[in-house]
Amino acid sequence: MNRILFILVMVAACFLGQSCDQDPYFEFKDAGKVYFKYPKQRTAWGTESNYFVDSIVYSLHGKELHNDKDSMWIKVEIMGAREDFDRKYKVVAIADSSTAKEGVDFEKLLDTYTFRSNVGVDSFALVINGKAIENIFRRSLLLKLEPTDDLGVAFVEFSTLRVNFSAYRLQPIWWNGFEFTVGAYHPLKYDKIVEIYGSEEIDPYGNASYCTYVGNMVKLYFENNVIIDPFTGERLLCNVN
């Protein structure tokens with residue numbers, strides 16, 4: 001009976017914080033988790049909206065490449081406390097959901113990347129091989145975060161990121177003003193629109209009637225001339241779906 005009373009007294013003392021240290025297993029510790037920092041969608045006027053997009057489009061067009069390579073920096077954000085020491089996170093390429101080939105179109109990913117101390121957002125370099133994609137319109141790559149001993153993965157919906165990269169000019173924000181006449185974007189169509197319009201500074205909203213005229217002229221050009229698509233080897237037309 002005295003032993004039972006002694007145990008009860010000791011338990012009570014622990015709860016009152018008089019004589020027991022807190023069991024470390026009951027401490028709440030968030031080791032930290034990471035997720036891809038999605039970019040925000042841009043409006044037709046080039047400003048940021050409040051909507052996130054789960055993919056990035058990147059072009060090597062017009063860039064000066066060093067050894068035919070270019071580094072695209074992918075941002076990763078942390079959920080949890082910032083720490084005063086470096087931690088490791090892991091990124092893998094999902095081959096069966098990508099057209100880009102690791103070690104060919106882009107350099108092989110590292111086994112782990114370093115999330116630096118005392119920062120909330122860090123980044124890693126996706127090194128693109130410009131020589132491998134110089135005659136290809138677009139390559140698509142699906143990246144995925146995987147947990148490490150240092151960092152878990154915060155949100156399933158932010159654990160993957162699609163990267164589309166090309167050696168050619170990207171689709172401009174004003175392209176939707178021409179889609180109803182010239183169809184899907186293609187760099188050869190872009191070049192012809194700029195040639196007829198007379199400038200790369202195109203305003204399809206403030207100059208709608210002239211843009212319609214330019215679009216129809218471009219459509220006639222591709223109908224009256226046999227232009228071979230260098231990416232597919234087939235004739236390029238302004239088909240509208």
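User: Where is the place of Phe124?

Analyst: Phe124 sits in strand β8, which covers residues 121–129. Helices (H or I, at least four residues) and strands (E, at least two) are DSSP runs, numbered from the N terminus. This is a predicted model, where local features need pLDDT of at least 70 and side-chain atom pairs count only at pLDDT 80 or more, while totals for chains, interfaces and linings use all residues. Residues are numbered from 1 along each chain as its sequence is written, and side-chain values use heavy atoms, with hydrogens and water left out.

User: Thanks! How many helices and strands does the protein chain have?

Analyst: There are four helices and 11 strands in the protein chain.

User: Back to Phe124: is this residue buried or exposed?

Analyst: Here is the general idea: buried means under 20% relative accessible area, exposed means over 50%, and partly exposed lies in between (1.4 Å probe, protein chains only). Phe124 has 2% relative accessibility, so Phe124 counts as buried. Across the protein chain, buried residues make up 34% of the 241 residues.

User: Which residues is Phe124 in contact with, leaving aside its neighbours within four places in sequence?

Analyst: Contact means heavy atoms within 4.5 Å. With those neighbours set aside, the contacts of Phe124 include Phe36, Trp73, Val76, Tyr89 and Leu143. Take Val76 as an example: Phe124 and Val76 are 48 residues apart in sequence, yet 8.0 Å apart in space, C-alpha to C-alpha. For the protein chain, look at contacts between residues at least 6 apart in sequence: 67% of these join residues at least 24 apart.

User: How many salt bridges does the structure hold?

Analyst: A salt bridge is a side-chain nitrogen of Lys or Arg within 4 Å of a carboxyl oxygen of Asp or Glu. The structure holds seven salt bridges. One of them pairs Glu107 with Lys69, with the closest N and O atoms 3.7 Å apart. This pair links distant parts of the chain, 38 residues apart: Glu107 is in the loop between β6 (87–93) and β7 (113–115), and Lys69 is in strand β5 (residues 69–79). Glu107 is partly exposed at 36% relative accessibility, and Lys69 is partly exposed at 30%.

User: Which residue forms a salt bridge with Arg139?

Analyst: Asp105 does, and the closest N and O atoms are 3.1 Å apart. Here too the pair links distant parts of the chain, with Arg139 in strand β9 (residues 139–146) and Asp105 in the loop between β6 and β7, 34 residues apart. Both Arg139 and Asp105 are buried.

User: Now for a helix. Which residues are buried in α3?

Analyst: In α3, the buried residues include Pro187, Tyr190, Val194 and Tyr197. The buried residues of α3 pack against α2 and α4. Just after α3, Gly198 takes a positive phi of about 95 degrees.

User: Which residues does Tyr210 touch, not counting residues up to four places away in sequence?

Analyst: Tyr210 is found in helix α4, and its contacts beyond those places are Ile196 and Tyr197. Tyr210 and Tyr197 are 13 residues apart in sequence and 8.3 Å apart in space, C-alpha to C-alpha. With a relative accessible area of 29%, Tyr210 is partly exposed.
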